[in-house]
Amino acid sequence: MPTLTIDEREVSVPAGASVLEAAEALGITVPHFCYHKALGAVGACRLCAVEIQAGPQHGLRMACLVEARDGMVVSTTAPAATGMRRAVIEYLMLNHPHDCPVCDEGGECQLQDMTVAGGHGVRRYRGKKRTFPNQELGPFVEQEMNRCIQCYRCVRTYRDYAGGHDFGVLGVRQRVAYGRFRPGRLESPYSGNLVDVCPTGVFTDKTVRFRARVWDMQCAPSVCPHCSLGCATWPWARYRELLRVSGREGPRTNGFFLCDRGRFGSGHANHPDRPRTPRLDGRELGWPEALEALRERLTKLTWAHGPGAVGLLTSGRASLESARALGLLGQALGGAPVVCEPHPRRDRAVRALVAELGQLGRDQEDVRQSDCLLLAGLDPEGEAPMLALAARQAVRRGARAAVWDPRPDRLPFPARRIARLPEALLEALARPDGRAPDGLEAAERESYAETRAALQAAERPVLLGGADLLGPRGVRLLLAAARALSRPGRACGLSLALPGPDSFGGALLCPDGPDADELLAGIEAGRVRALVCLEADPLSEHPDPARVAAALGRLELLVVLDHLPTASAARAHAVLPTTAAAEMDGAFVNHAGRLQGFARVYSAGLPIRVTGQGAHPPREFRPDTPGELPQPGWAVLAALAGEPVELGELRAELARSEPRLAGLAGLVAGGPGVQLALEPSARERPDTPAEPGVAEGELALLSVEALFGSEPLSARAAPVAGVASEDALALCPADAARLGLGEGEPARLRSALGEAVLPVRLAPGLAPGFALVQRRFGGPLEGFAPGGGPIACRIEKGGAR
Amino acid sequence: MSHPQVLFARRRPGQTVSLETYLQEGGYQALGGAVGKQAPAALRKLVLDSGLRGRGGAGFPTGQKWSFFPADAPGPKYLVCNCDEMEPGTYKDRELLVADPHALVEGMALAAYALGVTHGYVFVRYDYEDVFRALERAVAEAHGAGFLGERILGTDFGFELHVHGSAGRYILGEETSLLNGLEGVRPNPRLRPPFPAQRGLFGRPTTVQNVETLCNVPHIALHGAEWFKGLALTPGEAGTKLFGLSGHLNRTECFELPMGVPLREVVEVHGGGVRQGRRFKACLPGGASTPYLTAAHLDVPMDFGNLDRAGSRLGTAGVTVFDERTCMVAATLNLLTFFARESCGWCTPCRDGLPYVCYLLERFERGQAGREELALLKAQPAFINQSFCALAQGAMGPLEGLLRHFEQELLDHVTRGGCPFGGA
């Protein structure tokens, strides 16, 4: 711990810290552009000049490049240092356009701040300014190259940190520019980070171009609702419209960055068809009437047919408090059980994880710090995009990575791959002798043995998986493998991507309970006569939509609480509008068991853009707020149960009844959150039966999530809807040739998930014997709910689509 | 005045020494005498004792650089010859290689032996097609004769040498940029530490040396450290030096002269005096990035120490002479335009500061500058010297020379409202 003096104040910092970081620890910001905590110091901008007055070095130095040493005396205010900084700002401003009034970065521009702070107020350069042409980079990122100050942050983020290939440095000398070789959509799933890292207005969020100044927007610390990782975000809203999302520093989760789904997928909150008024039997009602009527009907059904007459279904989208309120409604109805996910296999997989995880859960920071990773049945791009970025950072530091997955490898880092379903391999890994499973080829056997040895030798090994492909049996095998690879004093961790932002919390609250298939059986048998769906859409998420549709048709009462215009909501007798995450306070438990709070950014209401019919400034004055009726799910459910509560009371009750959630009491949105103290359940672990295999001559169909278009929230966000990949059927070239199918030719796909005619995509990375589709809302694959694992399918040359 | 010729001993006008001639004239004797017979460490010690300093511009003692090199560490290590000779006024390496390419091949093989290196690269300037061809041929000849490749001269020592043609930017002369260029990535300079000796080409220990430096090694190996020191005219210096003459001289050729030869002899004897009988006004003693010397410096011995003390640098010993009719503001602007153009664009002082200096100098030339611009110009070197690599610091050489010796000329531009020499 070197101790040094900066501006006459002493500070001790960890060995290896730079003078810039030491100053930061004292609260002194040494102006800088190219330095970024996640990207490191490269010494390009030369702005962070300080004077070192005593110690191993002397004179003017760049604070980001000098390691803090014992006895150093540093001045950030010496005339040489301030003079240097003023000169650098002047150099950078030589060519910078004075278009701040129309620049979206204005008000949150580091260059603006540094120019003012550096004291460069008068322009002395009278020459011509250098100009660049701009590139069209797709629907997310706007480029205005003339504003560039060449800090190289963008390219260090896009290429070095995120592993993108289609963006780089162009040109030399004063004509250095950043962009693509040719204009076109940025291909990286992490392209939006350019907006966050650019210290000025070169890269801005195209989806909100010219929509608002930063000081006019509302924002609050939040947690990303688009997957289970729980990345830290800042949603920004104005005039009751959620405009954009930017990355927040989440040391245990995302670090600084976000994936494009999380960043650009927030428009679901502004969806024009979103339910905004309670509706019962086709009539719009006020809250009191709607709740009164529904309470009466639910109570009557319970009296008449017992507590089992009402089914309760939630999903990983609902907040922890809402899930609890659903459980309390069940208790109020005499003990109706809660089903955690509309997809039964997903439900059982999550419950298996939560029951057995114990202390083995690993978050993104653990993955970044790991020295050996195994990705078994995980497709990060679809299930948890930021997990791939975390793994990449580990690999950049020298970690070994292996992938066991039949799907094509789309990872932003090199890994040893076995193109098979991971189940048999995991089973082998979990056995004490670890002998390779039968049926592997020689190279695969060697690869397996090498990976196993590396995992055993590693100091911080982590197994990564995806609940969708693994299913309950795979999850148990992954857990068993992690336990088998653990030794006293050195655990092998586990990081599993789950279906939704609070899948973990939901399963924690109801570890047992029935799954959706048992619920459907109850409806079909006439035992269950009413169903309350909390932010769950069984029609789109259950693997057998026809069965669900038939079952829903038998119900006497279908109540849907949601903020999305889902297929199930369209069929409901009653729709109760709830708030989106950015419109409420709440908490999610992420995939690794970290409880994180999020705060209300703005109050739900019809955007003024809609009510004002485009007039600017809006000229409609009225005392009420149109469209303000949506309420947090927990509030609606508590009212439905006849016991309205405040959020604080609900959280206190939850903390009391579930000791593992005691952290809720002191939970602060924007804080680090609380890692739950989990013990593996003492219950006997059921031996999950193997899933039915795929017969000879049939292909195994995998329906998975895509980066865009699959996840129910972002699929309903306008900017993302425009970039969702085309519906296609991916086959390995050998299988396609056997079936007589070529690239782009129509094929008819028949499976238990449904039937569709799709163009064929040849995917050389796909293991033979598999067919791969990505579910997309609004297309022929809408019913192909992901989460089912491999199922049998038949493919033949298709007719007209 | 004739001086002993070492590096140019085999040079014939218009010819390139073939392997046959090279062998006839004592070539590869140094390699034969060292490989398998002399311990690599002894060879390194010899180079250290010889006082050989790098000829690429910085003048870092070669033996000292080699002493930092992990010669005995296992795994691949690299020797790279920097032949990206792009400093304006410098062409000595081209003269040397077109005349005698085997000298470099032998020098590199010897250095590789001393450093425990098995792979070497010669990084050749884009425009040097003649050098590239001469080297490729020499490497093939040496390979065929067993001076390169596996089991050189029947010993366990092997060394493969590759000739690589640059894509052509001045920044590639900076050794870490050169390594990036060799790796095929954007040639921005690298952060140091780690130094190339720890992590260089492809992340492995690497030594980068100038052509002339490496060509001296066989001679040192053959004749010893004391002989090499004795070649210099001034105490504390060692060897001969190739001087590339250019500018307003009657003879602008490349000469091999002893280290410490007075500037006056270079200009008046070897350069044949300033052209058209004009007076000597100033010169760049060691390429475009060294501060000017004036007529007051004509008796300064041209070596590392004496030029440092005279406020300039020996650099590459590319001597560019300016006669009395030269506008030093215009000359400096010309040089700075080159540096601004060749900036890689990595750091602010170089990328944006150098064009700003050009802008200020242009204002002087056009008579648009006042005393405020002079103050601004004077302030620039302190900022630009904080650049990431030596490119912009080198660019400050002529500017600092201008401000030190020719401030009156700048003031004349201000008072006359334009260039007194009729420029611009």
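**Figure 1. Overall build of chain A in the predicted model.** Chain A contains 25 helices and 34 strands, in a model that is predicted. Its C-alpha atoms occupy a box of roughly 85 × 75 × 55 Å along the principal axes. The radius of gyration of chain A is 28 Å, which agrees with the value near 28 Å that a compact globule of 801 residues would have. The domain assignment divides chain A into domain 1 (3-93), domain 2 (279-343 + 505-671), domain 3 (358-498) and domain 4 (699-797), and the centres of domain 1 and domain 4 of chain A, taken over C-alpha atoms, are separated by 53 Å.

**Figure 2. An open sheet of seven strands in chain A.** Read across the sheet, the strands of chain A follow the order 15-14-25-24-23-16-17, and their pairing is mixed. Strand 15 (283-284) and strand 17 (338-339) of chain A form the edges, each pairing on one side only.

**Figure 3. The contact between chain A and chain B.** Each side of the contact is made up of 22 residues, 22 from chain B and 22 from chain A. On the side of chain B that touches chain A, helix 13 (328-342), helix 14 (348-365) and helix 15 (371-384) of chain B each supply at least two residues, and the largest share, eight residues, comes from helix 14 of chain B. Sorted by class, this side of chain B holds 12 nonpolar, five polar and five charged residues.

**Figure 4. Helix 2 of chain A packed against helix 14 of chain B.** Helix 2 (residues 79-93) of chain A and helix 14 of chain B pack at an angle of about 70°, and their axes lie 9 Å apart. The two helices are therefore roughly perpendicular to each other, since angles of 65 to 115 degrees count as such. From helix 2 of chain A, the residues V88(A), Y91(A) and L92(A) meet T348(B), P349(B), D352(B), G353(B) and Y356(B) of helix 14 of chain B. By class, this contact between helix 2 of chain A and helix 14 of chain B comprises five nonpolar, two polar and one charged residues.

**Figure 5. Helix 3 and helix 9 of chain B.** Helix 3 (residues 40-50) and helix 9 (residues 211-223) of chain B pack with their axes 10 Å apart and at an angle of about 100°, which makes helix 3 of chain B roughly perpendicular to helix 9 of chain B. Helix 3 of chain B contributes L43(B), L46(B), V47(B) and S50(B) to the contact, while helix 9 of chain B contributes V217(B), I220(B) and A221(B).

**Figure 6. Domain 1 and domain 2 of chain B.** The domain assignment of chain B gives domain 1 (19-230), domain 2 (240-323) and domain 3 (328-416). The centres of domain 1 and domain 2 of chain B, taken over C-alpha atoms, are 27 Å apart, and 13 residues of domain 1 of chain B are in contact with 14 residues of domain 2 of chain B. On the side of domain 1 of chain B that touches domain 2 of chain B, helix 5 (residues 92-99) of chain B gives the most, with three residues, and the residues of that side divide into three nonpolar, five polar and five charged.

Methods:
Residues numbered from 1 in each chain as written. Chains lettered and ligands numbered in written order. Predicted model: local features only at pLDDT ≥ 70, side-chain atom pairs only at ≥ 80, totals over all residues. Pairing = 2+ DSSP bridges. Helix = DSSP H or I, 4+ residues; strand = E, 2+ residues; numbered from the N terminus. Contact = placed C-beta atoms within 7 Å. Nonpolar A, V, L, I, M, F, W, Y, C, P; charged D, E, K, R; others polar. Domains from an automatic or database assignment. Axes fitted to C-alpha atoms, helices over the stretch in contact; angles between N-to-C directions. Parallel < 35°, antiparallel > 145°, perpendicular 65-115°, else oblique. Rg over C-alpha atoms; globule rule 2.2 N^0.38 Å.
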